[in-house]
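Have the viewer open and follow along.

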Amino acid sequence: MNKVVNGADEAIHDIKDGMTLMLGGFGMCGLPEKCIAALVKKGTKNLTCISNNAGVDDFGIGLMLKQRQVKKMISSYVGENAEFERQLLSGELEVELIPQGTLATRCMAAGYGMPAIFTPAGIGTEVAIGKEVRNFNGKDYLMEMAFEADFAIVKAWKGDRLGNLVYRATARNFNAVMAMAGKITIAEVEELVEPGELDPDHIHTPGIYVHRIFQGENYEKRIEQRTVRKKQ
Amino acid sequence: MLTKEDIAKRIAREIKDGYYVNLGIGIPTLVANYIPTGVDVILQSENGLLGMGPFPFEGEEDADLINAGKQTITMLPGSAVFDSAMSFGMIRAKKVNLTILGAMEVSENGDIANWKIPGKMVKGMGGAMDLVASADNIIVAMQHVNKAGESKLLPACTLPLTGVKCVKKIVTELAVLDVLPEGGFKLLERAPGVSVEEIKAATAGKLIIEGEIPEMVF
């Protein structure tokens with residue numbers, strides 16, 4: 001078995017106009033930047049993107065927004081992006097804002113083969129409008145459906161050619177749950193290793209969930225808010 | 001009147017040894033600076049970390065290591081990393097003992113509005129709706145009145161809600177108040193030099209005053 005593809009262009013070659021994509025990362029952290037760059041180059045349009053954030057103006061999904069490749073964003077927080085704001089206010093871009101835990105758990109449900117979840121998040125708010133409410137043990141919960149995505153695109157630290165993935169620090173975030181949730185999952189990694197090099201006890205995403213993998217070169221790994229303290 | 005740092009300092013006194021705590025963006029983040037010595041707490045960052053430490057030293061920033069405000073941070077010894085689904089799993093399952101967050105409005109029955117102002121750019125609720133829907137112990141750090149001088153402690157919220165009947169305690173620049181289960185803001189403490197009358201004037205919702213109201217101690 002060999003899931004290795006020859007770079008981002010090959011990995012995304014069959015992503016078509018109008019498809020639904022999951023894109024891992026939290027802000028710029030753990031962002032699949034090579035596949036996003038390839039999608040920008042390819043110019044695929046009318047995409048529905050499920051991603052916690054919408055990038056900044058000149059990096060991440062912001063690059064796809066700039067080229068009007070995104071029809072709809074499904075996110076929990078979309079600040080820090082002037083072009084996004086312009087498209088939203090002008091009605092060019094559709095946006096669905098959903099609670100972050102609901103977003104993550106709807107991905108998880110897809111990867112666990114469950115059609116829906118029940119969560120208290122959003123009860124009594126406009127998020128609940130039109131959704132089924134069930135009461136369990138005296139508390140109300142919203143029914144939220146598992147996501148369906150044509151592709152999930154994630155970034156990991158290391159992976160092998162069987163698709164086993166290991167993430168690093170908080171770059172795991174949405175990557176590990178989205179990796180389980182795509183009809184086809186593409187993983188870009190900083191380091192591609194041989195099977196056996198990753199400790200089976202330390203695998204975060206088992207390769208069965210991953211269909212394509214490649215090693216990206218020269219990751220920019222941009223920092224959104226550089227906060228430091230002075231050495232004493 | 002309290003500064004933002006004073007509000008953070010006062011809230012820090014609510015943190016008990018052994019707590020797992022989630023701090024929101026803004027004043028809540030400052031609370032980490034005032035946790036009393038001898039009180040051992042573990043900070044949860046909802047992007048997937050338990051054991052959040054201070055900002056890194058200059059030159060040691062790591063793009064893979066951020067908090068939910070997307071700031072570079074460090075991990076303390078004994079930290080644990082997990083994915084976003086598990087992060088909200090532990091929040092939903094009430095494993096996090098205390099949640100501290102900011103608000104635009106709080107109502108006298110404990111409703112909170114902190115994510116959306118109609119007509120203005122909506123950035124999203126992030127993890128706030130999940131946190132307020134699940135946490136048993138929510139403290140709000142906020143200004144008592146808005147920039148127009150209008151009370152933010154109301155009979156009912158006017159802005160779109162983040163969650164209902166969830167806020168337990170509020171610390172503002174003027175006062176510490178409990179939100180009673182049956183409704184109403186119970187005045188517990190005054191900021192140094194602030195009179196009960198001033199607090200009354202700044203509170204639009206039902207204010208409950210019983211006996212002498214002591215000044216805050218830090």
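Let's start with B:Ala141, which is buried at 4% relative accessibility; buried means under 20% relative accessible area, exposed means over 50%, and partly exposed is in between, all with a 1.4 Å probe and protein chains only. A word on the ground rules: this is a predicted model, where local features need pLDDT of at least 70, side-chain atom pairs count only at pLDDT 80 or more, and totals for chains, interfaces and linings use all residues. Residues are numbered from 1 along each chain as its sequence is written, chains are lettered from A and ligands numbered from 1 in the order in which they are written, and side-chain values use heavy atoms, with hydrogens and water left out.

Back to B:Ala141: you'll find it in strand β8 (residues 138-141) of chain B. Strands here are DSSP runs (E, at least two residues) and helices are DSSP runs too (H or I, at least four), numbered from the N terminus. What does B:Ala141 touch, leaving aside residues up to four places away in sequence? The list is B:Ile7, B:Ile11, B:Ile27, B:Pro28, B:Leu101, B:Gly102, B:Ala103 and B:Val171, with contact meaning heavy atoms within 4.5 Å. Take B:Ile27 from that list: in sequence B:Ala141 and B:Ile27 are 114 residues apart, yet their C-alpha atoms are 6.5 Å apart in space.

**Chain A as a whole**

Chain A has six helices and 11 strands. Its radius of gyration is 18 Å, close to the 17 Å from the globule rule for 232 residues, so chain A is as compact as a globular protein of that length. That radius is taken over C-alpha atoms, and the rule is 2.2 Å times the number of residues to the power 0.38. Along the principal axes, the C-alpha atoms of chain A fill a box of roughly 55 × 50 × 40 Å. Of its 232 residues, 56% count as buried. Among contacts in chain A with a separation of 6 or more, 70% come from residues 24 or more positions apart.

**Salt bridges**

Side chains of opposite charge can pair when their charged atoms come close. Over all chains, the structure holds 29 salt bridges, each one a side-chain nitrogen of Lys or Arg within 4 Å of a carboxyl oxygen of Asp or Glu. Here are some of them:

| Salt bridge | N to O distance |
|---|---|
| A:Glu94 and A:Lys72 | 3.9 Å |
| A:Arg86 and A:Glu83 | 3.1 Å |
| B:Arg10 and B:Glu189 | 2.8 Å |

A:Glu94 sits in strand β4 (residues 94-97) of chain A and A:Lys72 in strand β3 (residues 70-75) of chain A, so this pair ties together parts 22 residues apart in sequence. A:Glu94 is partly exposed at 44% relative accessibility, whereas A:Lys72 is buried at 19%.

A:Arg86 is partly exposed with a relative accessible area of 35%, while A:Glu83 is buried at 19%.

Then there's B:Arg10, in helix α1 (residues 4-12) of chain B, and B:Glu189, in strand β12 (residues 185-190) of chain B, so their bridge ties together parts 179 residues apart in sequence. B:Arg10 is buried at 3%, and B:Glu189 is buried at 14%. Elsewhere, salt bridges that share partners join A:Lys155, A:Arg168, A:Glu190, A:Lys221, B:Asp62 and B:Asp64 into one network.

**Rings, and charges over rings**

How many aromatic pairs are there over all chains? Two, where rings of Phe, Tyr and Trp (its six-membered ring) pair if their centres lie within 6.5 Å, with planes under 30 degrees apart counted as stacked, over 60 as edge-to-face and the rest as tilted. A:Phe118 and A:Phe136 are edge-to-face, 5.1 Å centre to centre with 75° between the planes. Together, ring pairs link A:Phe118, A:Phe136 and A:Tyr141 into a cluster.

Finally, the charged end of A:Arg106 sits over the ring of A:Phe147, 4.0 Å from its centre, and the charged end of A:Arg229 sits over the ring of B:Phe57, 4.0 Å from its centre. For this, NZ of Lys or CZ of Arg has to be within 6 Å of the ring centre and within 35 degrees of the ring normal.
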